[in-house]
Each structure stands twice: as C-alpha cells, then as structure tokens.
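Biologist: Could you walk me through how this protein packs on the inside? I'd like to look at it while we talk.

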Amino acid sequence: MLIERSPGSAGNRLVRELITGHLRSLSAGWTVDLDLFDAATPRGTLSFGSVIATLDHKAQHRLVFACHLDSKWFLPDRRGRLFVGATDSAVPCSLILEAVTVLDTLLRQLKNKPSPLTLQLYFLDGEEALRDWTDTDSLYGARHLAQRLETEPMPGGAGNQLSAIELFVLLDLLGAPDPLILNHFPETRTHFLRLLSLEKRLHGLGLLDSHPADHPYFRSDVYYGPVADDHLPFLQRGVPVLHVIATPFPAVWHTHDDTEENLHRPTVANLCRIFVAFLSETLSL
C-alpha cells in the first residue's frame, strides 16, 4: 500500500494510527501520547501530529529513539507515482518499531523492575519543508515537542521532561545499500563508537548478511559535517544527540525512486540487529 504522508494528509493520519496501534498492542505496556497542533506553513495552516511513546513514565532518565513519520510534499511524477520516501523516513520508523517488537518481553521486564533509565520513542511529524527549507519551514513537530517538553515537569518535580533525556538518537535516510554513517558530535562519540563496535562484533559472529568487513556502515575516520534534522531543537536546548544518518544522502533522496524496490533488505535487517544490540546494552536488558 503506497500512501502519501505529508502533514495534514489522510495518509499521514493513517501512519500515525498504525504506529500508535502497534505500540499499544505490545505487552510492554507503552504509554502513547499524541502531540497534536496546527501551524502556519507556506501551504496554509496545517494540522500536525507526532507520536510519543514512553515505556515507564515514572523513570527519571530517558533514552530517546526518534525519526520522522512525514514524507515530503511532492506532486505525482510523470508516471503518476506518489513520493513514498522509503529511506526518508519509512525505514527508520520501521526499524524502531521492529526493534521494540523484538525486545518486547525484555522491555516489559525492564519496566517491571523498575529502572531509573527508560526508553522513549518519538515519531515526529513535519520534518520536511513544505516549500523551501528555512528555520520556520521545517522541523515543525520537533520544534513544537522540544518547546513543550521544556515546560513539562517530571514526576516528583525533578527537572523537566527535556532535561530527563540522557541521549537523543535520531535515525534518518536509512535503507539504501552501502550507507556511510559518521559521528557528528564529539559529546556523544562514546555512544557512536559503541555502534561501530557492535557492528564489528555482529559481523564477527556471522550475524550480518551481505556485509563485507571492508565496508562497515559506521566509520570514525571521515567526517562530512553536521546535517540539519529533527535533532536541532533538542540540541539547541542542551540535549546530547547521536545522529544516525547516511551521508552522503542516498542517491534516491527526494526523488520518486525512493521506494521499497530500491531498498537493500540485508542492510535494513543488519541495521535493525545493530540497534537491537545497542538498546539491549544501553538499557541492560
């Protein structure tokens, strides 16, 4: 089923419902919240809705995994094809959902302990510009949520919801073959090196498919500079960010060829295994 997911569209609402429905079906007992708001855009006032899922809302510290659920607004191409945005950002959404599904039983046990560190998921709406990327025409959901969390106190009054975030991991532009994923922030280099190490360890155990040793996804020896994305409103407020994005961008980026047919399935599966291992290690599952 191919649907257009730009803000305010029926497809956008459907994707939001699919995400919330899946999370609520898991045994871990996620608390699912919708951050709904209207905002002025170059295409008029539109309705936005981000999905926020919290494993244990009483925990004082949060590990956030985030992505954006919207697709960029494009007219159909000459062949009548809708813009799908498979790498941008359907695959990141799917990776997060698959990871917490695989870890469902362990996450339920973590919640029942309980632990001071819990997992929180953000599926952010309105990452894409509706016309041209500017400070006001982009990151609608991330800007709204970061501002909201900064004003919401934690249970017990120990700081606010934003200050509780120990690490904000943002996934974007994933699913194409041979991704190159670099570290963008020295403050979170230790976490990036853990991803790099986990990739090597899983490769050594024979648990990664179509994954040559001389072409790892995570590299610490090159750098192309930061990329504007949903992490910015959080980074500007002092939240530590780990930006997991393919740079250079996939060749299909912002074209009607960014479809399921052009994904590399072994890469998608391998990244999921790496993220499952990272979550397991970070949360001590």
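What follows is a short chat about the packing.

Modeller: Quick heads-up: this is a predicted model, where local features need pLDDT of at least 70, side-chain atom pairs count only at pLDDT 80 or more, and totals for chains, interfaces and linings use all residues. Residues are numbered from 1 along each chain as its sequence is written, and side-chain values use heavy atoms, with hydrogens and water left out.

Biologist: Which residues touch the most other members of the largest nonpolar core?

Modeller: A nonpolar core is a set of buried Ala, Val, Leu, Ile, Met, Phe, Trp, Tyr and Cys residues joined through side-chain atoms within 4.5 Å. Buried means under 20% relative accessible area (1.4 Å probe, protein chains only). This core has 51 residues, and those touching the most other members are Trp30, Phe65, Phe123 and Phe218.

Biologist: How many residues of helix α2 are buried?

Modeller: Helices here are DSSP runs (H or I, at least four residues), numbered from the N terminus. α2 spans residues 86-102 and is mostly covered. Its cover includes α1 (10-25) and α7 (265-282), and the buried residues include Cys93, Ile96 and Leu97.

Biologist: Which side chain does the side chain of Ser6 make a polar contact with?

Modeller: Ser6 lies in the segment before α1 and is buried, at a relative accessible area of 2%. A polar contact is a pair of N or O atoms within 3.5 Å; within protein, one must be able to donate a hydrogen and the other to accept it, and residues adjacent in sequence count only if both atoms are side-chain atoms. At 2.2 Å, the partner of the Ser6 side chain is that of Glu4.

Key:
Buried < 20%, exposed > 50% of the residue type's maximum accessible area, 1.4 Å probe, protein only. Helix = DSSP H or I, 4+ residues; strand = E, 2+ residues; numbered from the N terminus. Contact = heavy atoms within 4.5 Å.
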